[in-house]
Amino acid sequence: MATKEEFISAINQGYACKGDFITLGGAVFNGACCSEAHVTAPLKTFNRHGLIAGATGSGKTKTLQGIAERLSEKGIPVLLMDIKGDLSGIAKAGTSNEKLVDRHTKIGIPWTQMSFPAELLSLSKEKGARLRATVTEFGPVLFSKILDLNDTQGGVVSLVFKYADDNSLLLLDLKDFKKVLQYLINEGKEEIKKEYGAISTASASTILRKIVEIEQQGADEFFGEKSFDVNDLIRISDEGKGIINIVRLTDIQDKPKLFSTFMLCLLAEIYATFPEEGDTDQPKLVLFIDEAHLVFKEASDALLEQLESIIKLIRSKGVGVFFCTQLATDIPANVLSQLGMKIQHAYRAFTANDRKSIKTIADNYPMSDFYKTEDLMTELGIGEALITVLSEKGTPTPLAHTLLCAPRSAMDILTPSEMDALISKSSLVKKYNEVIDRESAYEMLNKKLSVEDAEPPAKGKEEPSVATTIINSTVGRQVARTVAREVTRGLLGILGLKGTTSRKSKSWF
């Protein structure tokens, strides 16, 4: 049987760092925390992504909070997806108690209260700086993936973007896109047929239904202006701490499609905007996605494929992504294989399937001479976890049963008045919360149709007959358009343009 001295030596050798690092906690041997053996994570490997998993109430969110604090202290900006609404306390210093003092005495690191610079962000009407993007900035490819369209329907989306470009029609929000599409299958169908080709009304109808679907989940709240610049996520406070950006998402827990859409767009814009960094001594930005199963719950195959690709590539931009969820199996295998740091909190086994899952999860961790991983996973207490990270050389560290360091900020929610005080000092709220509704495709096409309807007969021509007058009247034209639309709906349309047009966005949201 291994001795305590052998255990301490193995942990200290496995987690030794030459560069900068953060301390996650103290290693546990035979049920006792060893203050001489600390579990650490090198900053240079934080862009290799990570996983925080465990049962409800096992301490996942507080682990996430503690890691975010230590990154901020090292001058690294952080972005937190706050689904449950319990991370805002990071802006307020915590309060000491006997349990905190006892825990840190065992770890061998003193606990000190501390607040951290925080920025509240919102996708909806929650308090905070608004995150928005224009339809134009998404581009036809990403917009089609969000709507889960097939190739034919994606070609129609590309045609709409092309027509809008050629005619200087701004696509700022969803009503702009819908208006252009409706115009092209009705009043403008002859105009586009010569140059672009005809649009199938069946494809157009499907696209419109897909847009209505995401509108019902609240997507119209973040399509529009002013677009959010992702460079505002990598700010440093005057004290040299990385600012912790908290996206408050408590009102979209039941809208997984909106959440996955938002995450894809955010990661895509960060990847498109940030320069190549290669392997650096510390990450440029670290994202933590709490309740990560919501990202993948109802994501389409195309959306999942795009997410997997970005996760694989985004580390070259100096960005790390951490998923926090109950089961490691909530994360697609292709994404899970990219996660270098793994923090496994307690897993509760109640059924035969649970026990099978435990064995599968345990097999994904390094073999240990000191633990029986399957048994230990069900015996972990609150605030304890099995941890393995990537060393500075890129190799997995020894598996360590760890008593985790507690957050130094408040482990509760800010009161409404405290939130208001934080928001009142925010420069981003002043920058992004002004509602802007410029003249765009919706208004421009409505104006064009109004002018056409009000256009008088040409001078110098003979007086039109009563029948001609009726036909040329506003009502007559409306009737004619209605008849034409009904006839068109009964025909099998063809797609006149297939493919996509490239677009380079300046900012996202």
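Glu-276 is exposed, with a relative accessible area of 53% (exposed means over 50% relative accessible area, buried under 20% and partly exposed in between, with a 1.4 Å probe and protein chains only). Lys-317, by contrast, is buried at 8%. In this predicted model, local features need pLDDT of at least 70 and side-chain atom pairs count only at pLDDT 80 or more, whereas totals for chains, interfaces and linings use all residues. Residues are numbered from 1 along each chain as its sequence is written, and side-chain values use heavy atoms, with hydrogens and water left out.

Lys-317 and Glu-276 form a salt bridge in which the closest N and O atoms are 3.6 Å apart (a salt bridge is a side-chain nitrogen of Lys or Arg within 4 Å of a carboxyl oxygen of Asp or Glu). Lys-317 lies in the loop between helix H11 (301-313) and strand E9 (319-325), and Glu-276 in the loop between helix H9 (256-273) and strand E8 (285-290), so the pair ties together parts 41 residues apart in sequence. Helices (H or I, at least four residues) and strands (E, at least two) are DSSP runs, numbered from the N terminus.

The salt bridge count comes to 23. Among them is the pair Asp-20 and Lys-74, with an N to O distance of 2.9 Å. Asp-20 is in the loop between helix H1 (4-14) and strand E1 (21-29), and Lys-74 in the loop between helix H2 (60-73) and strand E4 (78-82), so this contact joins parts that are 54 residues apart in sequence. Asp-20 is partly exposed at 40% relative accessible area, as is Lys-74 at 33%.

Glu-69 and Arg-70 also form a salt bridge, at 4.0 Å between the closest N and O atoms, and both residues are buried. Arg-48, Asp-279 and Arg-315 are linked in a network of salt bridges.
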